[in-house]
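Let's take a walk through a protein model together. Keep the picture open beside you, and follow along as we go from one spot to the next.

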Amino acid sequence: MRLLSNRKALTPVVATIVLCGVVLTVGISVWSLTYSITRSLEENYYEEIKRQIDAVSERFIVEHVSYDNETDILNVWVFNYGEVDIQVDVYVRGDAEGQNATAILIPHGQMERIIVPLVANMSDELSITVISRRQNVVYATYVVPSS
Amino acid sequence: MWSMQLMLFRLHKSKSAMSTVLGMLIFIGIIFTCVMPFFLYINHVNSLYDQTIVEMKQFDRDRALENIDVYAYPINQSSSQIRLYIKNQCPLTVEIVRIWINDRYFPYNLQVSGMGENITNPIDIQDMISQVDGVESFNAKVTTARGNTFSSLTNPLQYSNESGWGGGPSFAINIVIELNKSVYYFIINVKNSNGTTIYHDEVWVILESSIMRRVDVSGPDTYTVDITQTQGPDKTWSTNVQITLEEPTKWVYPPKDYW
């Protein structure tokens, strides 16, 4: 009653309430913004590290190579013995050239035959490069045998 | 000191201190609910990465340690079936996932314990040898789960329609003993024409269907192979093997029912 009758006291109280309200509003906004930014940073960081983990976990070899001189096809068997699925392209250079850059998917623990059309002759020396889409590279050499 | 007291007095009197306290609380809240968990999370993710690096280094070390000797051999002189005898020369268990015969592969699952040995089941290559015209070479190799490939030390196995399986390019005697599954103790001796023992091996065979030994010899000569089985009554089987430049590798098959 005394407070109501004292008009001078009202202004500081209202001002304090308004100020608190403003501080709370701005504070919660800043908190919310910070929270969403850190969440986003966390997700981006995790994605980046996950990509790097996948890249260092990749393991694959050229397990076997054969050339079919009737169909002019070089068969390259790639074995993914790592723990992540991979996608690979195969490039052949040397006495004959060819490639298969269709990003063949090889699930982990599996082997896939990759077909590279090229024309090679007996005793041709071929350099085979298998590049994964995570930029890991495996090399192999092959000499075309007599049929 | 005076200025500090003055500041505290002003703060006490000022009603705006309430907002300062609220602001401070919100700031601390942000630190504890956003910034600190963020750094903890980053630290955890970095740990995952470091752990992966350590695991992969260990994986690569294990892979480099893998070392097995593979001997592919036909079950008998004219058989269409091939077995592989695998001797693990490393302390790690090796898992065979595939067997290659020339350009054809056979998915397989065989574990060979550290420093142990194992023999595969017969692999039928009838459709491959039925196409043989003249003499055909067969190369065998195995792939392990760790991504290593090991070629057979008996490569190439040569097959002809007329004489069946023949030798490879190096001077060697390959001894294959087929067995009924039981317990045996074999003493294998190989002597050259001078009577000098060039190979001696004593081996327990427990519930295996065959064993195979490769004996590298120095060159053309006539060698005597003596195989004695001493579990139960002693039984000795002998044969002379002539190694020539034309046939540097010979296969020796004692009769299965002899033991």
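Start at B:A72, which touches B:I82, B:L84, B:A140, B:S152, B:T154 and B:L157, leaving out residues up to four places away in sequence. Touching, or being in contact, here says that the C-beta atoms of two residues, placed from the backbone, lie within 7 Å.

Before going further, a word on what you're looking at: this is a predicted model, where local features need pLDDT of at least 70 and side-chain atom pairs count only at pLDDT 80 or more, while totals for chains, interfaces and linings use all residues. Residues are numbered from 1 along each chain as its sequence is written, and chains are lettered from A and ligands numbered from 1 in the order in which they are written.

Back to B:A72. Together with B:L84, B:A72 touches the most other members of the largest nonpolar core, which has 39 residues. Domain 2 (67–166) and domain 3 (167–259) of chain B both give residues to this core, so it lies between them. Apart from this core lies another one, of 23 residues, including A:V76, A:V78, A:V92 and A:V130. Two terms need explaining here. A nonpolar core is a set of buried Ala, Val, Leu, Ile, Met, Phe, Trp, Tyr and Cys residues joined through C-beta atoms within 7 Å. A residue is buried if 20 or more other C-beta atoms lie within 10 Å of its own, exposed if 12 or fewer, and partly exposed in between, with C-beta atoms placed from the backbone.

How is chain B divided? Into domain 1 (18–63), domain 2 (67–166) and domain 3 (167–259), with bounds that come from an automatic or database domain assignment. The C-alpha centres of domain 2 and domain 3 of chain B are 19 Å apart. Where these two meet, domain 2 of chain B puts in 16 residues and domain 3 of chain B puts in 12 residues. On the domain 2 side, β1 (68–74), β2 (81–88), β10 (157–160) and β11 (164–166) of chain B are the elements that give two or more residues. Helices (H or I, at least four residues) and strands (E, at least two) are DSSP runs, numbered from the N terminus. That domain 2 side divides into nine nonpolar, six polar and one charged residue. For these classes, Ala, Val, Leu, Ile, Met, Phe, Trp, Tyr, Cys and Pro count as nonpolar, Asp, Glu, Lys and Arg as charged, and the others, Gly among them, as polar.

Now zoom in on β2(B). β2(B) runs antiparallel to β1(B), joined by seven bridges, and the two form a hairpin with six residues between them. Two strands pair if DSSP finds at least two bridges between them.

Over to chain A, which has two helices and seven strands. What pattern does chain A follow along the sequence? It reads α-α-β-β-β-β-β-β-β. The radius of gyration of chain A is 33 Å, well over the 15 Å that the globule rule gives for 147 residues, so chain A is more spread out than a compact globule. That radius is taken over C-alpha atoms, and the rule is 2.2 Å times the number of residues to the power 0.38. Along its principal axes, the C-alpha trace of chain A spans about 110 × 25 × 20 Å. Chain A has domain 1 (2–56) and domain 2 (59–143), whose C-alpha centres are 56 Å apart.

Finally, find A:I114 in strand β5 (residues 111–117) of chain A. A:I114 counts as buried because it has 20 C-beta neighbours inside 10 Å. Leaving aside neighbours within four places in sequence, A:I114 is in contact with A:V76, A:V78, A:V90, A:N100 and A:I104.
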